[in-house]
There are 4 protein chains.
Amino acid sequence: MTTVLGQNQYGKAENRVVKITRDGDTHHIKDLNVSVALSGDMDDVHYSGSNANVLPTDTTKNTVFAFAKEVGIESAEQFGIALARHFVTSQEPIERARIRIEEYSWDRIATSDANSRFIGADEVRHSFVRNGTQTRVAQITFDGERWEVLSGLKDLTVLNSTNSEFWGYVKDKYTTLQEAYDRILATSVSTWWRYNWTSDEDRAPNWNKSYDQARTHILQAFAETYSLSLQQTLYQMGSRVINSRSEIDEIRFSLPNSHHFLVDLEPFGLKNDNEVYFAADRPYGLIEATVLRDGAEQRIPFDMTNL
Amino acid sequence: MTTVLGQNQYGKAENRVVKITRDGDTHHIKDLNVSVALSGDMDDVHYSGSNANVLPTDTTKNTVFAFAKEVGIESAEQFGIALARHFVTSQEPIERARIRIEEYSWDRIATSDANSRFIGADEVRHSFVRNGTQTRVAQITFDGERWEVLSGLKDLTVLNSTNSEFWGYVKDKYTTLQEAYDRILATSVSTWWRYNWTSDEDRAPNWNKSYDQARTHILQAFAETYSLSLQQTLYQMGSRVINSRSEIDEIRFSLPNSHHFLVDLEPFGLKNDNEVYFAADRPYGLIEATVLRDGAEQRIPFDMTNL
Amino acid sequence: MTTVLGQNQYGKAENRVVKITRDGDTHHIKDLNVSVALSGDMDDVHYSGSNANVLPTDTTKNTVFAFAKEVGIESAEQFGIALARHFVTSQEPIERARIRIEEYSWDRIATSDANSRFIGADEVRHSFVRNGTQTRVAQITFDGERWEVLSGLKDLTVLNSTNSEFWGYVKDKYTTLQEAYDRILATSVSTWWRYNWTSDEDRAPNWNKSYDQARTHILQAFAETYSLSLQQTLYQMGSRVINSRSEIDEIRFSLPNSHHFLVDLEPFGLKNDNEVYFAADRPYGLIEATVLRDGAEQRIPFDMTNL
Amino acid sequence: MTTVLGQNQYGKAENRVVKITRDGDTHHIKDLNVSVALSGDMDDVHYSGSNANVLPTDTTKNTVFAFAKEVGIESAEQFGIALARHFVTSQEPIERARIRIEEYSWDRIATSDANSRFIGADEVRHSFVRNGTQTRVAQITFDGERWEVLSGLKDLTVLNSTNSEFWGYVKDKYTTLQEAYDRILATSVSTWWRYNWTSDEDRAPNWNKSYDQARTHILQAFAETYSLSLQQTLYQMGSRVINSRSEIDEIRFSLPNSHHFLVDLEPFGLKNDNEVYFAADRPYGLIEATVLRDGAEQRIPFDMTNL
């Protein structure tokens, strides 16, 4: 044999589990897309096809649905921790579990005044409309001793219609770009941050509160930064999260620079005073960076924010 | 020649125009995807390639951007009406124009209290986050005399966690489905409605108010209907719109029945009391119907809601 | 009641059925995505939620899979005909069935010479690679008496690197386009054609041969037409299909004009002699037209080619 | 400052460049999607917004198009190498360049015999149809001294209709899967491999030949392996590439197990003898692994095959 097996993992991906919890007539919904990836003593299945160490991916799927009942879903992170712990501690050959989760959020549908007189306000405590503003994401990894919890979001699309400039850059023989002193700055935020919680002996963060706060800081930093470059805005977003949330040590962003080109209306005898833009698809600038708490280790994979 | 030309149309599709309007420091944003389709005396270009009657699609694109400045964008419908009128009245060979528009909505980003002390509340009146809950759509058609305005929305995903049953159906030799007395009802609403405004001599509806009200009625009818079938829910949604909005005569829906299957947890010794569901992708039920004001003509194409 | 029910239909969409047929060691594969839409006496289910006339969409799904065994899949059209006939003739309330099918094609994987000595050529008669060049589509409609069969394809992307011009067009105040005497012409063909077979008393076409021939004529007409406009190319594609295939009376196309813009390399001291292009996404020209056999009725819905 | 900047990179992503090369009347086409990512001395632009070290992403786009003319496109790898070398050697602050490329392949359209008599066989040497069977990918990284070239493909969908089993696996309390002794094995191959060429002083591989051969080995290994698990098939695919191609030291795969479930036709009185399958979308098994030449270093990022 002149070849050897390197890193490997397997499991069931994209288990779409919806959990309804009833608090009297008021229902709550959790809507997750859960992917399981397990690693360990898996040489034989690759070399010879022996499945003696392989817990079927079908079983990992069943476990996701059973755990929705057995442990419940308070947050994506808590649910992923329960799953990862189960796989690593219950199966001898499995040494590492990585659970990735997307969470879709739902808002309640407001009842109509007219009808609520007849059907009762209780009746619509079970009606939801999906909020498509962003997707929450989480990744939980456990090796039997150490936890790594990454959380984040994607597809959060934001735009500033002013307070953005871009000038003073390098000019080489291929440079034709004109400097801009008032431009639209738009991006679709994709980000993962890393919690410094790693041990069962320490108290875990309040995952839902942390997520909400990190999201708010990102939005506000975007809105409040007078931007000389998208890199500067990125750094402001990252540093505000880390400075405000002591439980987070590292954050990485991928920020496409979603170009809005000012349309030349002069041929039609019109003046375009930063009013009419063409929103381009491709190509786009892509700005990626990690922001770290001073002294913290950089652990988030560079392409994580592009998944 | 044994072949002849049938219906035909052409134009520039998917012009992504963003318009910023400034009211002092407060900015407003309109974000549209505009598609132009023109028809008329176009035999020659098909038969011989003569472009003598062809206004280039590039020109239709330029017109969209120029009109964003010249006439402004108050609503997708008003903007489409201006464009359709222009093409039909300014170009002799063009007898009919159809403008299709998607509109993406944006919410304002709330400023942080801490920072607003320093940078001033004015500063964030130019910051927006895209609201992904649904996409608004409109189609305006003009033949020089008569207007047809269709409006609607798509990708509005809703779910009731109870108050839905399905039983009493036909059973043939291929039927295995068990009757359901308490199920999740979920769908992604795609709908187009038709306004009865057709003439410049009549007063046009308030397009934005109509849209907001129709959307609200659809959401509330979904939430408030105790459903024995998705068809019944569809009809309730449609009739509530028409009964509440005198300017709308016809509405068509495509409602995928987004199946949420109760997971069998018995093999694991667990009881699933309408708590844990598997959200399936394909196949899905697809329920489509038109609801009409009594006496109104059915004009919305049957596949319109699948575009 | 001031509202009434208009056109409506329902059924299970996107049933992904794969059929393996064994001819000794040689396997054959058919890979379809089948959508069922039924109409008929369905007032009650919309007005009151009574399902007494409703064959469940789940049953229509079961029927698709059962028929893959019972009648087999020789072609998408023959399979759709069997399904449509079944629903209309076996269920009293169902007056019309429409079956839509996408078919994905697979090629055989060639064996390696070296290994075939050991494992035998038979061994790889069961191995396939999916051919992504286009998707075949079919729609079969039956009302108990009359058949309508539409077939077509989509996502067939073609490009001519020369033999395309565009000039002599209308110029208005919004026209800035330069005339082109040698440009790239590229499109992604979406087309539906209609067979003139309508009755069980007539002999049905050879569906697979018809499809193959129509596809070939479309490709060759695209390649062999010296194009003065995409409309002209479209008409050539359509008329060649109708002139060559007596079983086809009508064909409709949607052809996006996938713009390839010549990049201005002069700022870099380079000459771009029709060599380097930027392939743009949006906006794009969209050319749509029906070509008819002289005297034939126009029946394909205008937006059919955009589905 | 309590935060610091970690790894960062920037550039223009998804530059869609099409290059036509003319060999008399015979045209050749190269169709690439090129993404540039540059790193180096970029602290200032993140901390203060100073762009003094920033070559604009717009310039990196211009360079891609200019290089299509200046150096030509023989292969994705050769083109990426030229770009990476340029950015690192021409810009003082840039210490590392990473070029990612997707390549779309095109086949020639065969002329019709009948017409070729009239228009000449030369006429269609400029007509192409896009081959959608897979997408070729490449990533070239250069730090001024050392090259790393990764190549691969994605979206190559393959299926064996027999010669696949799955049994003998671990069974825990959540296991309900039945053992399978003859199942469909289907996947969509996503793979990256790493060349051991790292220095300008060594002779570079023949990139196009390497790609073609690696692709062929992957297809044949898939077809010829009697599979007891998808992991075993993966390892066979990887080891065959490495054993056959001395220029490749490492290869990683992501293989979704695209489940084809045998449909239960017994309720309809039918026997399903491995004939009728339901092709499921989600969830799916996901098998990922790296195969290495014995002694080689593992360098391909684990999530690379999921991009």
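Which residues does D41(B) touch, not counting residues up to four places away in sequence? I found N53(B), P93(B) and E95(B), taking contact as heavy atoms within 4.5 Å.

A note on ground rules: this is a predicted model, in which local features need pLDDT of at least 70 and side-chain atom pairs count only at pLDDT 80 or more, while totals for chains, interfaces and linings use all residues. Residues are numbered from 1 along each chain as its sequence is written, chains are lettered from A and ligands numbered from 1 in the order in which they are written, and side-chain values use heavy atoms, with hydrogens and water left out.

**Entry: D41(B).** I placed D41(B) in the loop between β3 (26-40) and α1 (43-47) of chain B. Helices (H or I, at least four residues) and strands (E, at least two) are DSSP runs, numbered from the N terminus. D41(B) counts as partly exposed because its relative accessibility is 42%; buried would be under 20% and exposed over 50%, with a 1.4 Å probe and protein chains only.

**Entry: symmetry.** I superposed chain B on chain C with a rotation of 180 degrees and 0.0 Å of shift along its axis, at RMSD 0.0 Å. The two copies are therefore related as by a two-fold rotation axis. The same surface serves both copies, as 100% of the contact residues of chain B recur in chain C.

**Entry: the B–C contact.** Chain B gives 80 residues and chain C gives 80 residues. Between them they bury about 6,800 Å², 51% of it on carbon and sulfur atoms; this is the accessible area (1.4 Å probe) that two parts lose on being put together, summed over both. On the chain B side, Q7(B), Y174(B) and Y235(B) lose the most area to chain C, together 11% of what that side buries.

**Entry: salt bridges.** How many salt bridges are there between chain B and chain C? I counted four, each a side-chain nitrogen of Lys or Arg within 4 Å of a carboxyl oxygen of Asp or Glu. D303(B) and R100(C) meet in a salt bridge at 2.5 Å, N to O. Among the elements that give two or more residues to the side of chain B that touches chain C are β1 (3-13) and α6 (230-244). β1(B) gives the most, with 11 residues.

Terms used:
Least-squares fit on C-alpha atoms with pLDDT ≥ 70 in both.
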